[in-house]
Amino acid sequence: MKVWKIRQYLPALLLYVQRRVSGERGVVVAVRTRDICGMDRRCGRAVHSLMMSLVEKGLARRHKKGVDLIERRAVKEVLTALKKWI
């Protein structure tokens, strides 16, 4: 997927993570692709590739299809990484 298409959906992911961190309790934050994109397949693919790059860095992990987990202690690092990519 092209870089500019991925960057198009990056602010939506950033905003979603920021909202989920402040609103929930627990050890992990669940990132659900369907909550971010709805039924938009391009958005889903872009969010998947962004989350896979976070998984490669060790900041997130796959739970199941469409759901990734970010630990609370790694949220600051994830937010700085996403902001840097913008």
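Reader: How many disulfides does the count come to?
Author: Keep in mind that this is a predicted model. The cut-off is a pair of cysteine sulfur atoms within 2.5 Å. Cysteine 37 and cysteine 43 have their sulfur atoms 2.0 Å apart and form a disulfide. By this rule the count comes to one disulfide.

Reader: Over to helix H4: where do its buried residues sit around the axis?
Author: H4 runs over residues 75–85, and its buried residues are Val75, Val78, Leu79, Ala81 and Leu82. They cover an arc of only 160° around the axis, so they are on the same side of H4.

Reader: Which exposed residues does the face of H4 turned away from its buried side carry?
Author: Exposed here takes over 50% relative accessible area. On the face of H4 turned away from the buried side, the exposed residues are Lys76, Thr80 and Lys84.

Reader: Is isoleucine 6 buried or exposed?
Author: Isoleucine 6 belongs to helix H1, residues 3–23. Its relative accessibility is 17%, and the cut-off for buried is under 20%. So isoleucine 6 counts as buried.

Reader: How many Å apart in space are isoleucine 6 and lysine 84?
Author: Along the sequence, isoleucine 6 and lysine 84 are 78 residues apart. In space, going C-alpha to C-alpha, isoleucine 6 and lysine 84 are apart by 14 Å.

Terms used
Residues are numbered from 1 along each chain as its sequence is written. This is a predicted model: local features need pLDDT of at least 70, side-chain atom pairs count only at pLDDT 80 or more; totals for chains, interfaces and linings use all residues. Side-chain values use heavy atoms; hydrogens and water are left out. Helices (H or I, at least four residues) and strands (E, at least two) are DSSP runs, numbered from the N terminus. Buried means under 20% relative accessible area, exposed over 50%, partly exposed in between (1.4 Å probe, protein chains only). The arc is that of the directions from the helix axis to the C-beta atoms.
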